[in-house]
Amino acid sequence: MSMLNTLRSELTKALTLRSVQATLLAAVVVPPLLAFCSGLAFDPTRTASGGFPIESHGFETAGFGQPIIILFAALVVGTEYLDAQIRTTLTATPSRGRIIGAKLLITALLSTVVAALSTTAAVVLKHAALGDRGLNLDQFTTSMAWNLLGVIINYGLLSLIAASATLIMRNYIATIAVLVPLVLGLTISLVGAIPSLKFLPDLAGIQLLTAYPGVGLLEPIPGAFAMTAWALGLGTIGWWLFHARDVGAN
């Protein structure tokens with residue numbers, strides 16, 4: 001079986017799982033819906049002057065998609081461990097490297113597509129809901145395009161981190177239990193007291209989503225490199241373990 005066939009097989013398996021379908025739908029729908037509601041409820045009198053740039057509207061909801069991306073990546077990699085379906089996969093495709101490469105590539109690809117769709121919709125809907133206080137489509141700026149690219153990179157790297165963690169633990173519930181509390185704000189509430197937390201995977205690239213001034217976080221480009229290092233490191237460990245141990249063992 002060629003790599004192309006393996007990619008097609010892994011994509012088909014991923015997209016035919018009801019849990020994955022529901023997760024992808026939620027990842028596309030939730031941030032735009034929250035952005036639209038936020039736009040309708042926006043009160044400029046309660047926002048400090050210059051405290052929230054108009055170009056940032058819509059991007060603030062990207063963080064709500066992160067837990068869903070973690071769930072999606074964990075399901076894609078971890079579902080086959082539930083009833084030893086991974087053994088069937090290895091029978092059909094004995095090359096373990098090809099299987100993992102395909103799973104990681106499909107996970108990252110779908111996550112970046114979700115990021116592009118959900119964030120674009122969130123920004124458009126937020127500014128539409130803001131009315132005169134928002135921007136028209138022809139007023140969208142280059143900085144907003146770069147911000148969109150940042151969200152795409154963040155989602156792609158986060159999905160690889162979650163997928164690799166699932167490979168290591170062979171349990172998608174464990175991945176969710178570890179990573180989801182982090183992206184929901186556990187570490188950002190502590191980074192002021194423990195500055196080194198800014199290098200953790202959830203905080204390293206958080207400013208790729210939207211700006212968090214005054215918190216002491218990494219800037220977007222260093223943050224992207226830090227997230228990439230986490231993805232490469234965990235991916236390498238997961239790859240090695242998948243090759244080295246009995247996939248049927250728990």
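Helices (H or I, at least four residues) and strands (E, at least two) are taken as DSSP runs, numbered from the N terminus. The structure is a predicted model, in which local features need a pLDDT of at least 70 and side-chain atom pairs count only at pLDDT 80 or more, whereas totals for chains, interfaces and linings use all residues. Residues are numbered from 1 along each chain as its sequence is written, and side-chain values use heavy atoms, with hydrogens and water left out.

Confidence is considered before geometry. The chain averages a pLDDT (the predictor's confidence in each residue, from 0 to 100) of 88, and 90% of the residues score at least 70. Among the elements of the chain, the highest mean pLDDT, 95, belongs to helix H6 (residues 142–169), while the lowest, 68, belongs to helix H4 (residues 85–92). Where pLDDT is low, the predicted coordinates should not be read in detail.

Two helices were examined for length and burial. Thr-6, Leu-7, Glu-10 and Ala-14 are the buried residues of H1, where buried means under 20% relative accessible area, exposed over 50% and partly exposed in between, for a 1.4 Å probe and protein chains only. Seen down the axis of H1, these buried residues fall within an arc of 100° (the arc being that of the directions from the helix axis to the C-beta atoms), so they line one face of the helix. Leu-4 and Thr-16, on the other side of H1, are exposed. An α-helix has 3.6 residues a turn, so residues three or four places apart point the same way.

Helix H9 (residues 220–244) has 25 residues and reaches 36 Å from its first C-alpha to its last, close to the 36 Å expected at 1.5 Å a residue. Its buried residues are Gly-223, Ala-224, Ala-226, Met-227, Ala-231, Leu-234, Gly-235, Gly-238, Leu-241 and Phe-242.

Leu-160, in helix H6, counts as partly exposed at 22% relative accessibility, and its C-alpha is separated by 9.9 Å from that of Ile-106, 54 residues apart along the chain. Arg-170 lies in the loop between H6 and H7 and has a positive phi of about 55° although it is not a glycine; with a relative accessible area of 17%, Arg-170 is buried. Leu-208, in the loop between H8 and H9, is likewise buried, with a relative accessible area of 8%, and is 36 residues from Ala-244 in sequence and 35 Å from it in space, C-alpha to C-alpha.

On a 1 Å grid over the protein atoms alone, a cavity is a set of points where a 1.4 Å probe fits but cannot get out, and a pocket is an open set with protein on both sides within 12 Å along at least five of seven lines, lining residues having an atom within 4 Å of a point. Grid points are joined across faces, edges and corners, and a volume is the space filled by probe spheres set on the points.

The structure holds one cavity of 30 Å³ or more, and the volume of the largest cavity is about 30 Å³. Its lining consists of Ile-70, Leu-158, Leu-179, Leu-182, Val-183, Pro-201 and Asp-202. Helix H7 (172–186) and helix H8 (201–204) each supply at least two of the lining residues, the largest share, three residues, coming from H7. By class (Ala, Val, Leu, Ile, Met, Phe, Trp, Tyr, Cys and Pro being nonpolar, Asp, Glu, Lys and Arg charged, and the others, Gly among them, polar), this lining has six nonpolar, no polar and one charged residues.

The largest pocket contains about 230 Å³ of space and is lined by 15 residues, of which Gly-63, Val-183, Leu-184, Ile-206 and Tyr-212 lie nearest its centre. The elements giving two or more residues to this lining are H7 and H8, and H7 provides the largest share, four residues. The pocket lining divides into nine nonpolar, four polar and two charged residues.

Notes:
Expected span 1.5 Å × (residues − 1).
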